[in-house]
Structure formats: C-alpha cells, structure tokens
Amino acid sequence: MDAFPAFFPLAGRSVAIAGEGEGAEAKARLFAGSPARVVRLGPTQALDSGNYVGVALAFIAGDDETWARQAADAARAAHVPVNVVDRPTLCDFTTPSIIDRGVVVAAIGTGGASPMLATMLRQDIEARTPEGIGRVAELLRTTQDEVRAAFPEAGARRRFLRAALSSPAAAAASAGAMNQATALLRAMLTAGDAPVGSVNYVEAAGPAERLTLKAVRALASADVLVCDPDINPDVLALARRDAERLDPASVAQMRQWTLSGQLVIRLVGAGDWRAEQARLDAAAVRTEVLPVAR
C-alpha cells in the first residue's frame, strides 16, 4: 500500500478551492451537497496564507506551475494539506475517484498515476453498489448505540450486523421506508436470536481473478479463515485483515465456531476437501461452496 486512504469528516469544516477554470470547478463539484463550507480563492487571494487559516483541505487549480507552487506553499504555511490539480509531485494528497451514496462513500485511488484507471474501476464498483445502500448505513448509524448495548462483545455485534444487512430491515431502509426499517431492526434486537454460522468453501489455488463477487464478499466478512498451506496469497489478501487465520481444523472445532454464529471461510488448495464437507454436513453444519470462474 503506497498511500493510506482516509476520510475527512466535512460537517463544520471549510474547504478552499484556489484558482479558476474547469479544474477548479471540477473540485467544487465534489463538494456539492456536502456539509462543508467551500471557500473560493482567486489567483491573488490564493497566494496569501492568511486566507487558508481554519481550512481543512486546499485544492489548487491553474495552468501556471509557478503560481501553483506559490499557492501550495501559502496553504502549507497555514498548515493545510494541499492537492494541486494534475501535478501529483506537488500534492500532499491525491483526489480519488468517488462513489457517493450519502453516508456510504467509496473511493478508488492510484496515487495520481492513472486517474483514468481509477475512473474505470469506480464505474465498475458503482454499478454493483445499490442506490439505497446509504440509507441502510444511516439506519445502522441511528441505531448504533442500541446495537452496542445489546451486543457489547465485538464478535457477537459483528455477527448480528451481518445478519441485519441481509434482513427485511435493510430491505426497507434501501427502499426508503426508514420508520419501518427502524422498527424491524429493533424487533431483531428484542428477539435476541443468535445468528447461525456457516462454513463456506472457496477454492483458493488462484489466481484471485477467478473469484466470484460472492466469494470476495464472503472473504471480506469472514470471522475465521481456515487455510490450506498451498493457497494463493493473492486470494488470502482479499480477506478481512483482522479475521483469525488458522491451519486446517477438525470438524468438531469448525462446528463449534458456527454454533457461536461465526462465518468460517475454508480456503482450500489442490487437495480433496469434499470428504471434509460431507462430515460437516453430517454434523448438521451449514456449508456452501462458493464457485469460482473456470
């Protein structure tokens, strides 16, 4: 990872956009509808560091490189991180390609190396991101304290939220029926039903490009990864980084994990794993084989 991605809260903050032309207008459009206060600075104003005091981020746009350097220096003198349009060597941060779903924001960055590639990837991800997903996130935000109170242990809370994301409550929120969604989610909290775990098999010999979207999503949600020694490291890299990673375990142990509601991802290599799955099925453990592209 060459650059660390971070999200700046915009409520109550100011963003400076210095310069004129399409580059400056494009940056201004990024903040349309956001709670940030956008401060527009003309070419002369942009060279005065006092105009950047109290600003969270500064964007510099202009054709004259000497002016762009001077404006960037003025912003930095006020201790403001700077993005200079089309000049990555002058930037403290680069602007990613953004998917905006309200509360849910996704960003694709290439460190300024290829904005076109970032745009192509954004379009691909955006097509897979439902319009209503921001309302689902808003539902979870407004009930966050209630969920934490009901499930103080992080693992149990994560399992409840995983179940909630595929529940009627999430469907109602996605459709815009927020009152109904809140009532349904609170009913789930009151019921206190323990989610049922499962063991999902993923053929992980590689390459990672063979994985289906369903398999990638499962890797991102896993509580426990049970890994054969010959799996492709590029596949393993797609899993949650804080998921527990273990060598092959007994059927009894995997059954115990699922009884506690955990999602177990069984990453298998070249060996025959069908007999193991059959033993899990015989032990009443819910299993699923997540297909890969052939």
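A polar contact of 3.3 Å joins the side chain of Gln 262 to that of Ser 260. The model is a predicted one. Gln 262 lies in the loop between helix 11 (251-259) and strand 10 (263-268). Its relative accessible area is 16%, and because buried means under 20%, Gln 262 counts as buried. Leaving aside neighbours within four places in sequence, Gln 262 is in contact with Arg 159, Arg 162, Gly 197, Ser 198, Asp 223, Val 224 and Trp 257.

Strand 10 also takes part in the packing around helix 9. In helix 9 (residues 213-221), the residues Ala 215, Ala 218 and Leu 219 are buried. They cover an arc of only 100° around the axis, so they sit on the same side of helix 9. The buried residues of helix 9 pack against strand 7 (198-203), strand 8 (224-227), helix 10 (233-236), strand 10 and strand 11 (287-290).

In soluble globular proteins, nonpolar side chains tend to be buried together. The largest nonpolar core here has 21 residues, and Tyr 52, Ile 60 and Val 84 have the most contacts inside it. Two or more residues of this core come from each of strand 1 (14-19), strand 2 (37-41), strand 3 (57-61), helix 2 (65-77) and strand 4 (82-84). Helix 2 gives the largest share, six residues. Not counting residues up to four places away in sequence, Val 84 touches Ile 60, Ala 68, Ala 72, Leu 90 and Cys 91. A second, separate core has 19 residues, among them Ala 208, Leu 225, Val 235 and Leu 290.

Key: Residues are numbered from 1 along each chain as its sequence is written. This is a predicted model: local features need pLDDT of at least 70, side-chain atom pairs count only at pLDDT 80 or more; totals for chains, interfaces and linings use all residues. Side-chain values use heavy atoms; hydrogens and water are left out. Helices (H or I, at least four residues) and strands (E, at least two) are DSSP runs, numbered from the N terminus. Buried means under 20% relative accessible area, exposed over 50%, partly exposed in between (1.4 Å probe, protein chains only). A polar contact is a pair of N or O atoms within 3.5 Å; within protein, one must be able to donate a hydrogen and the other to accept it, and residues adjacent in sequence count only if both atoms are side-chain atoms. Contact means heavy atoms within 4.5 Å. The arc is that of the directions from the helix axis to the C-beta atoms. A nonpolar core is a set of buried Ala, Val, Leu, Ile, Met, Phe, Trp, Tyr and Cys residues joined through side-chain atoms within 4.5 Å.
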